[in-house]
Amino acid sequence: MANSEYEYVKREFEFGSRLPPSNWIVVRIDGCHFHRFSKIHTFEKPNDENALRLMNACATSMLEKFPDIVFAYGVSDEYSFVFREETEFYQRRESKILSLCVSYFTSMYVMKWKDFFPNKDLKEPPYFDARVVCYPNLKTIRDYLAWRQVDCHINNQYNTCFWLLVKSGKTEKEAQQALKGTFSKDKNELLSQQFQINYDDEPAMFRKGSCVYRDKVETKVKTDHCGNPIKRTRLVITVANVDIIGPEFWENHQHILREEKCRYEYIKKFDINHRLPPCNWTVVCINASQFEHSNCFVRFSLIHSFEKPNDGTALRLMNASASLMMESFPDIVFGYGFDNEYSFVFQEKTELYQRRESLILSSCTSRFTSFYMMKWKEFFPNKDLVEPPHFEAELLCYPKQKIVCDYLSSRQAECHTRNQYNTCFWMLVNSGRSENEAHELLKATLSKDKNELLFQQFHLNYNNEPAIFRKGSCTYRQKLEESAGVEGSENSTTVRWDAMVAHVDMGPEFWRKHPYILSM
C-alpha cells in the first residue's frame with residue numbers, strides 16, 4: 001500500500017481471520033443456481049455422467065495444484081476438499097483459502113468444459129459458492145465424509161425414482177406425491193416392480209459419489225545389473241467410487257486418514273456461518289493469486305504475453321468482468337480496479353446471502369473468475385488460455401461512508417505509486433538496463449524523482465500517460481433517460497441505470513458530483 005494518509009484503512013480495519021490450529025480444514029464448494037444451469041445446458045436427468053466427470057476432473061486438478069489437500073469427495077454439483085490437519089496454507093487465513101479454492105475450481109470448470117462437452121457451448125458462466133468448516137479430530141472428519149455420502153445415497157435414490165416416474169408419464173407434482181413419505185426400501189421396491197431396475201446395479205458414481213485421493217502405486221523405476229525390476233511406491237491421484245462410510249476403505253488407505261468409529265449425525269454443529277455486522281459497508285477486494293511467495297499473475301501475464309508495463313486489453317477485460325459483476329449483483333454500487341485487482345463496494349444495508357461472509361466472498365470470486373474466463377476470447381481472439389487464471393479475495397467491513405471513500409482513495413494512491421514505478425522500470429529495461437540495474441536506479445526515489453527521470457531520459461510527461469494506467473478504473477451506474485414515443489400521445493421518458501467505466505480522480509469533487517452512488 002502507498003505510504004499515505006489513507007493507510008489507516010488497512011491497518012485498523014483489515015483483519016485476516018485465521019482458522020484454529022490442529023483442526024482439519026474442509027472447503028465445501030457448491031454450484032450456484034445449477035438447477036437453471038443444468039437445464040440451459042440440457043444435462044441428462046437424474047444424472048449426467050459427463051457433468052459428473054467434469055466435476056471429478058476439476059477436483060483432480062485441485063489436488064494437483066494444492067498438495068495440502070489430502071482427500072476430496074464429490075456428488076452432483078458439490079465437492080468437499082479436506083486439507084491436512086497441520087496445513088499452513090496461506091497461514092490458515094480463511095478468506096484466502098476460501099476464495100482461491102473456489103476461484104481455481106471455477107476456472108478449471110470453464111477451461112475443461114469442452115473436454116467433456118465438445119458439442120455444447122457454455123451459454124452462461126457457471127459459478128460456485130463455498131464455505132470453510134473446521135473439524136477438531138479424525139473422528140469428526142470421517143463422520144463429515146460419511147454424512148456427505150449418506151446424503152448422496154438419499155438424494156440419488158429419490159431423484160432416480162422421481163425422473164423415472166416423470167419419464168413414464170407422470171407430472172412432476174404427481175411424482176413428488178407418489179414419493180412423499182417413502183423410505184429407502186419403498187423406493188427400491190418401486191424401481192424393481194415398476195421399472196425392473198435393481199438400484200444396486202446403478203453406476204457406483206451415481207450411488208456413492210466420487211472420492212479423489214493420492215493412492216500408493218508401485219512403479220518400476222529401473223532394473224538392477226541382473227535385469228530385475230526395481231520398484232518404488234509412489235502416490236498417484238486416483239478417482240474412485242467406493243464406500244467411505246464403513247471402515248474397509250480407511251483400513252486399506254491408512255496413509256490418508258486413520259480409522260475411527262463412525263457416527264455422523266451431529267457434524268452440522270461445526271458448520272458455523274459468520275455473518276457480517278449490520279449497517280456496515282461491505283467491500284470485496286479480488287486480486288490475482290499470489291501463491292507460495294511468487295506472484296502467479298506475473299507468470300500468467302508472461303505466459304500470455306501481456307504488454308509491459310500495462311496491457312490495455314487485459315485491463316479492459318478486467319473492466320468488462322467488473323461491469324458484469326454489477327449486472328449480476330444489484331447490491332454492488334461501485335467498483336474500482338487497477339492492474340490485476342478489483343474492489344467491489346456493496347450498499348450499506350445489503351442482505352445478500354443474509355450477510356454470510358463465506359457465501360458473499362466465494363460467490364463473488366467465483367463469478368468474477370467465470371466472467372474473466374468467458375470474456376477472454378472477446379478481448380484476446382488470437383490467444384488461447386494456456387493456464388487457468390485464479391483469484392484470491394478478502395472481505396472488508398467499514399462502519400462509515402467516509403472510511404469507504406478513504407479505502408478507495410488508498411487503492412487509487414497505490415495505483416499511482418505502482419504504475420509510476422513500473423513505467424520507469426520498464427522504460428529503463430527497454431532502453432537496455434538489466435532488471436537489477438533498473439531496480440537499483442529506482443531504489444528510494446520519490447514521485448518527483450521518477451517524473452524527472454521519465455522527462456529527462458525519455459522525454460515523457462507522466463501526466464500524459466493514459467488515465468486508465470495512472471488512475472485505474474471506476475465502475476458505477478449512471479442514469480440514462482430515453483424517449484419512448486407512442487403514436488397519438490406525447491413523448492414519455494423512461495429511465496434506466498447502466499454500468500459505466502470511467503478513469504477519474506476519486507477525490508471529494510467526484511463524490512460531490514455523484515452523491516447517488518453511495519446512497520443507492
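## Isoleucine 29 and its surroundings

Setting aside residues within four places in sequence, isoleucine 29 is in contact with Asp77, Glu78, Tyr79, Phe81, Cys101, Val102, Phe105, Phe128, Asp129 and Ala130. The model in which these contacts occur is a predicted one. Isoleucine 29 belongs to strand β1, which covers residues 24–31. Its relative accessible area is 0%, and because buried means under 20%, isoleucine 29 is classed as buried.

## The chain as a whole

The protein chain contains 17 helices and 14 strands. Its C-alpha atoms fill a box of roughly 90 × 85 × 45 Å along the principal axes. Of the 520 residues in the protein chain, 51% are buried. Among contacts with a separation of 6 or more, 74% are made by residues 24 or more positions apart.

The accessible surface of the protein chain is about 25,900 Å², and carbon and sulfur atoms contribute 48% of that area.

Helix α4 spans residues 94–116 and helix α12 spans residues 357–379; the two pack at an angle of about 35°, and their axes are 8 Å apart. The crossing of α4 past α12 is right-handed.

Which residues form the meeting surfaces of α4 and α12? On the α4 side they are Ser95, Leu98, Ser99, Val102, Ser103, Thr106, Ser107, Val110 and Met111. On the α12 side they are Ser358, Leu361, Ser362, Thr365, Ser366, Thr369, Ser370, Met373 and Met374. Val102, listed here for α4, is also among the residues in contact with isoleucine 29.

## Backbone features in the loops

Most residues other than glycine have a negative phi, and most peptide bonds are trans.

A cis peptide bond links lysine 45 to proline 46, with omega at about 5°. Proline 46 sits in the loop between α2 (34–40) and α3 (49–65). Another cis peptide bond links lysine 308 to proline 309, where omega is about 5°. The loop that holds proline 309 runs between α10 (296–303) and α11 (312–328).

Tyrosine 90 is not a glycine, yet its phi is positive, at about 55°. This residue is in the loop between β3 (78–83) and α4, and tyrosine 90 is buried, with a relative accessible area of 10%. Arginine 355 likewise has a positive phi, near 60°, although it is a residue other than glycine. Arginine 355 lies in the loop between β11 (341–346) and α12. It counts as buried because its relative accessibility is 4%.

## Phenylalanine residues in a helix and a strand

Phenylalanine 116 is located in helix α4. Is phenylalanine 116 buried or exposed? Its relative accessibility is 16%, so it counts as buried. Beyond four places in sequence, phenylalanine 116 is in contact with Asn50, Arg53, Leu54 and Ala57. Phenylalanine 116 and tyrosine 398 are 282 residues apart in sequence, and 44 Å separates their C-alpha atoms.

Phenylalanine 344 is part of strand β11 and is buried, with a relative accessible area of 0%. Not counting residues up to four places away in sequence, phenylalanine 344 touches Thr282, Val283, Val284, Ile286, Ala322, Met325, Ile332, Phe334, Gly335 and Phe368. The C-alpha atoms of phenylalanine 344 and arginine 275 are 18 Å apart, and these residues are 69 positions apart along the chain.

Isoleucine 468 is found in helix α16, which covers residues 467–470. With a relative accessible area of 17%, isoleucine 468 is buried. Apart from neighbours within four places in sequence, isoleucine 468 contacts Leu315, Asn319, Ser473 and His503.

How far apart are the C-alpha atoms of isoleucine 29 and isoleucine 468 in space? The separation is 35 Å, for residues 439 positions apart in sequence. Isoleucine 468 and glycine 74 are 394 residues apart along the chain, and their C-alpha atoms are separated by 43 Å.

Key: Residues are numbered from 1 along each chain as its sequence is written. This is a predicted model: local features need pLDDT of at least 70, side-chain atom pairs count only at pLDDT 80 or more; totals for chains, interfaces and linings use all residues. Side-chain values use heavy atoms; hydrogens and water are left out. Helices (H or I, at least four residues) and strands (E, at least two) are DSSP runs, numbered from the N terminus. Buried means under 20% relative accessible area, exposed over 50%, partly exposed in between (1.4 Å probe, protein chains only). Contact means heavy atoms within 4.5 Å. Accessible areas come from the Shrake-Rupley method with a 1.4 Å probe; for residues, only the protein chains shown count as cover. Axes are lines fitted to C-alpha atoms, for helices over the stretch in contact, and angles run from 0 to 180 degrees between N-to-C directions. A crossing is left-handed if the near helix is turned anticlockwise from the far one by less than a right angle, and right-handed if clockwise.
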